[in-house]
Amino acid sequence: MAQEFTVKLRYPHVNKYKKGYPLILKDAIDRPELLKQEGAVIKVLDDQGNFVGRGFAGKQNKGLGWIVTHQESDQLDASFFDQKIQHALEKRHAFFLDEDTDAFRIFNGEGDGIGGLTIDYFAGYYVINFYSEGIYAFQSWVIDAIKRMTDYKAIYQKKRFGKQGTYIEEDEFVAGERGEFPIIVKENGIRLAVYLNEGAMVGVFLDQREVRKTLRDQYAEGCSVLNTFSYTGAFSIFASAGGASHTTSVDLANRSYAKTIENFSMNALDFEAQDIIVEDVFKYFKYAKRKEKSFDIVVLDPPSFARSKKHMFRAEKDYPSLLKQTIDITEDQGMIIASTNCSKFNMNKFKQFVKQAFQQSGCPYRIEKEFSLPSDFPTLPHFKEGNYLKVLFIRKG
Ligand code: SAH
């Protein structure tokens with residue numbers, strides 16, 4: 001049994017935590033130093049000494065830990081983890097039965113009751129992400145639960161804390177039979193290559209599933225599509241499968257080239273008829289404007305923060321200017337699919353960015369569709385930051 005420390009909420013913060021805000025913030029409690037011990041159990045009381053919740057210490061961005069229960073009788077033990085994981089699996093019942101899709105999230109952090117922990121499913125393989133040293137302290141209970149409750153081919157894990165970017169395959173493989181990568185997953189009938197042995201980014205971002213489907217089924221037909229920050233080309237593949245006349249994928253990372261070709265090929269789509277360009281998107285925008293190129297659809301899905309040789313991009317500051325450059329190379333009556341996973345601003349602010357960019361460009365626009373996280377990524381109503389994904393389908397003109 002891990003050690004348990006007790007902290008008290010400071011008065012102005014009590015209500016927020018009683019309503020269910022899960023992230024333990026430094027300023028909200030009387031003795032934040034007690035959360036230095038990663039993995040320690042933390043009992044949270046209100047300013048009067050009444051029980052509010054129990055959680056654990058695990059530093060993750062601006063949080064020092066997570067509250068995981070408001071029941072005083074709940075202990076953080078193996079059966080607690082079992083219950084949460086079992087419940088999360090049951091909630092995904094329909095996903096497991098879907099014959100067209102076998103890649104989805106089965107556990108979404110605080111939205112499924114335990115902050116700092118996500119579990120994704122890829123065609124029989126389970127990938128656990130531990131976002132703090134603290135949650136990693138409970139690793140064996142998480143793994144045991146998956147072993148007992150599922151028919152896994154293999155379990156992999158990613159430690160998303162400490163020194164980032166240092167992934168060792170030996171560390172990532174946990175149990176089962178080692179996969180031969182790529183494994184092929186299906187998403188709404190499209191095949192995608194997934195590599196579970198190459199670090200945090202495995203080849204597909206599952207939270208964009210609905211967006212990709214909508215692009216394919218409702219918009220792509222007959223259109224020229226520019227996919228910026230294209231990674232493994234998933235949006236391009238869906239556009240092409242939906243009858244796009246041509247796709248252009250642009251990403252700075254060398255790896256994106258071969259992986260995009262691989263994804264096109266697996267779906268019997270002719271990659272040679274497409275443009276796959278390894279380049280800085282900001283440079284590409286300048287080139288496209290100079291050449292007076294324009295596209296019927298532009299997909300804009302930048303990382304929240306990116307640094308290239310010439311550019312620094314911060315979504316919360318630079319999104320409007322990125323949109324302005326996009327507007328310049330989008331056909332009249334064309335569509336911009338603008339996406340961001342930046343948790344520093346909400347949908348309202350994102351819409352303001354859109355308004356600002358179109359006003360400055362002197363173009364009318366209308367928003368035709370709006371997406372946030374899909375149902376396998378549940379979030380808490382009192383933890384808005386958890387609902388990070390914002391996607392707008394914006395018609396120019
Ligand atoms: N839209 C993709 C995911 C994007 S991930 C999808 O849905 O699958 C972010 C990608 O942006 C990474 O592949 C990274 O290599 C790329 N990237 C970051 N900065 C860039 C830049 N300045 N120009 C082009 N690509 C960039």
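This is a predicted model: local features need pLDDT of at least 70, side-chain atom pairs count only at pLDDT 80 or more; totals for chains, interfaces and linings use all residues.
Lysine 62 and glutamate 385 form a salt bridge, with their closest N and O atoms 3.8 Å apart. One residue pair in polar contact is likewise found across the interface of domain 1 and domain 3, both residues having pLDDT of 80 or more. On the side of domain 1 that touches domain 3, the residues divide by class into 4 nonpolar, 1 polar and 2 charged.

The contact involves 7 residues from domain 1 and 4 residues from domain 3.

The size of an interface is often expressed as the accessible area lost when the parts come together. For domain 1 and domain 3, the area buried between them is about 450 Å², and 72% of it lies on carbon and sulfur atoms. Within domain 1, the residues that lose the most area to domain 3 are Lys19, Tyr21 and Pro22, which together account for 68% of what that side buries.

The cysteines were also examined. A disulfide is a covalent bond between the sulfur atoms of two cysteines. The count of disulfides in the model comes to 0. Cysteine 223 takes part in no disulfide, and the nearest cysteine sulfur, belonging to cysteine 363, is 18 Å away; the cut-off for a disulfide is a pair of sulfur atoms within 2.5 Å. Cysteine 223 is buried, its relative accessible area being 14%. Cysteine 363 is likewise in no disulfide, the nearest cysteine sulfur being that of cysteine 223, 18 Å away.

Methods: Residues are numbered from 1 along each chain as its sequence is written. Side-chain values use heavy atoms; hydrogens and water are left out. Contact means heavy atoms within 4.5 Å. Buried area is the accessible area (1.4 Å probe) that two parts lose on being put together, summed over both. A salt bridge is a side-chain nitrogen of Lys or Arg within 4 Å of a carboxyl oxygen of Asp or Glu. A polar contact is a pair of N or O atoms within 3.5 Å; within protein, one must be able to donate a hydrogen and the other to accept it, and residues adjacent in sequence count only if both atoms are side-chain atoms. Ala, Val, Leu, Ile, Met, Phe, Trp, Tyr, Cys and Pro count as nonpolar, Asp, Glu, Lys and Arg as charged, and the others, Gly among them, as polar. Buried means under 20% relative accessible area, exposed over 50%, partly exposed in between (1.4 Å probe, protein chains only).
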